[in-house]
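Subject: Structure handover

Hello,

Here is the structure we spoke about, with notes on what was found in it. Please look at the structure before reading on.

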Amino acid sequence: MTKKELRKKAMALPLMPGVYIMKNKDKKIIYIGKAKKLKNRVSSYFGSDSNHSLKVIKMVENVDDFDYILCDSEFEALVLECSLIKQHQPKYNILLKDDKGYNYIKITKGEFPRISECKRVDDDGATYIGPYTSTFSVKQAVDETLKIFKLPRCSKQFPRDYKKSRPCLNGFMNLCSAPCAGRIKQEEYVNNVKDAVSFLKGGSVKTVKQMQQQMQECAENLQFEEAAKLRDRIKAIKNLEERQKVVSINVPEEDVFALVNSNKKACFEVIRFEYGKLTDSEYWIIDAVDDLPQSRFELIGRYYSMRQRIPARIAVDGDIEDEKLLIQYLESKRGKKVELIHPQKGEHLSIVQMCISNANEHLAQQQGRLGREIAALEELRKLLNLEKMPEYIESYDISHTFGADNVAGMVVFHNGRPMKSAYKRFSIKGFEGQNDVGSMQEVLERRFNHYYNDDENSTFKILPDLILLDGGEAQVNAVLPVIASMGLNVPVFGMVKDSKHRTRAIACTGGEIEINAHRQVFTLVSSIQEEVHRFAVTYHHKKHKQSSLSTSLTKINGIGDAKAKALLKHFKTITAVKQASAQALAAIPGISRKNADDIYNFYHKL
């Protein structure tokens, strides 16, 4: 069907709740959605593209037909939508791949047994503990056990490598008993493994009680060395429990969600608490989303369609579209009340921030960046209330000497780092004298003329996510009409310095936004402001030097600015001009024989 035919079909739909199913020419389902009013929702896809994201536009281009199923309520439509999406996995829906299988703890056989985590049970004679559903919990349990009982985690094989080499760093730090260096007897090693397995099966409370009893017996029997080992193990377990309190909350169970969005990719993160302790962590890297509240609604719904346990409390990092409907859906699955919270302070806020930090780190790794860089950009987005993370930032500064040799510098920060290949320099042409506001208007107009007129290979063709001007509210107010007149919508803010030329605040049309309390934003904006100032001043000094040199040439009869610039362009320095012969000077385009003689005579005082 054509787009016109599809719209006609959509306009005939009833104003009732339901699910719509988009199909391509091969009759394959490519998108499934729910609607409170089917007619309004479905027809909106086949109207103007101006209100649609690029992803929606591409989806609509592939739609050849659609089906629909009427429902009695929006809640019923949501339940049906979740079921159909799980069944068909449509290309244009936000999907979460459920790759969570069962996990096991493996204890090998042999003279020197090893403990590790694994994904399946093999017929290899090893002992397996499990299955567990949480990869995070299994890895954490194995790692903690190896530390407490000082068991090796290297790739060396024993007894082959027993007493064959020097201990690694773990051995030097007393985190491993170092069988590779022969520091432990085989019998003692096996006993340590048995104790470690008991710890994994029985838990810390039961194990500590047994160890305390054994330690008492060893002390009474004057086995002080053995008692000291038990004392150290008990201390290690208690230290571990203290560290775990850092990531614990005062509620029996809670899930925490965060969604960090960039231009190309997004990260959806969840950390789960049971019995007040962090027990699981998962994340998915997905395509960038257009609407955060809507995406949170869809992603949380998708997540619980894959997981059985729904906690009594769920914390999220932002607004959720149709929050009451989502709660109704979760409560119907859980069979009990579910509370959705948006923490603003206290321990719940710190846990949400931890979840956001993890999402930032995973997204940064996917993009080859550092987590703190992505975190700074996300914090800047929230502070300035931007629609998306400002991955591509342009910054501008004006430099001159009392109105002479007016120039501007433009620097670009991509994903929090300088992108020097996109730096640009501007020489102010529209007027002479000191006018920073007028200079900024001219530069931005010229910059976006390049956006419309340059070829596709130009970095000017990249539309910035954010513009930061060196200056206050006056510069911002002067530039916004210029950008609007060119049919563009780019966020513009100023960077304000204090009396010591240090970054103090961000200027906007309504005043200033203090950034001192936002360390990551402060560091990022300060580095941008320093870099654009350095770049603009460097260009100004270069131009001013050339201007000073050309001024001595213009004292010569018949030599104006154009001829002086031509001479400096060819000879590079005024010294080279002085040393040139009249014949060499006359060879420069625009320089007559008389000009050449006059120049030569001027510098040689003939």
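Tyr396 has Leu469 in β16 as its bridge partner. The model is predicted: local features need pLDDT of at least 70 and side-chain atom pairs count only at pLDDT 80 or more, while totals for chains, interfaces and linings use all residues. Residues are numbered from 1 along each chain as its sequence is written, and side-chain values use heavy atoms, with hydrogens and water left out.

Strand β16

Strand β12 (residues 392-401) runs parallel to β16, and 4 bridges join them. Strands here are DSSP runs of E with at least two residues, helices are runs of H or I with at least four residues, and both are numbered from the N terminus. Two strands pair if DSSP finds at least two bridges between them. β16 also pairs with strand β17 (residues 492-497), again in the parallel sense, over 4 bridges. In β17, Met495 stands opposite Asp470.

In β16 (residues 466-470), 5 of the 5 residues are buried, so the strand is largely enclosed by the rest of the structure. Buried means under 20% relative accessible area, exposed means over 50%, and partly exposed is in between (1.4 Å probe, protein chains only). In a regular strand the side chains alternate between the two faces of the sheet. Here Leu466, Leu468 and Asp470 are buried on one side, and Ile467 and Leu469 on the other.

Salt bridges

The structure holds 30 salt bridges, each being a side-chain nitrogen of Lys or Arg within 4 Å of a carboxyl oxygen of Asp or Glu. One of them joins Lys388 and Asp465, with the closest N and O atoms 3.5 Å apart. Lys388 is in the loop between α13 (371-384) and β12 and Asp465 in the loop between α14 (436-453) and β16, so the pair ties together parts that are 77 residues apart in sequence. Lys388 counts as partly exposed at 41% relative accessibility, whereas Asp465 counts as buried at 8%.

Another salt bridge is formed by Lys147 and Asp143, whose closest N and O atoms are 3.6 Å apart. These residues are 4 residues apart in helix α5 (residues 135-148), which means they are separated by about one helical turn.

Arg504 and Glu512 also form a salt bridge, with the closest N and O atoms 2.8 Å apart. Arg504 is partly exposed, with a relative accessible area of 27%, and Glu512 is partly exposed as well, with 43%.

Glu253, Asp255, Arg272, Glu274, Arg309 and Arg334 are linked in a network of salt bridges.

Regards
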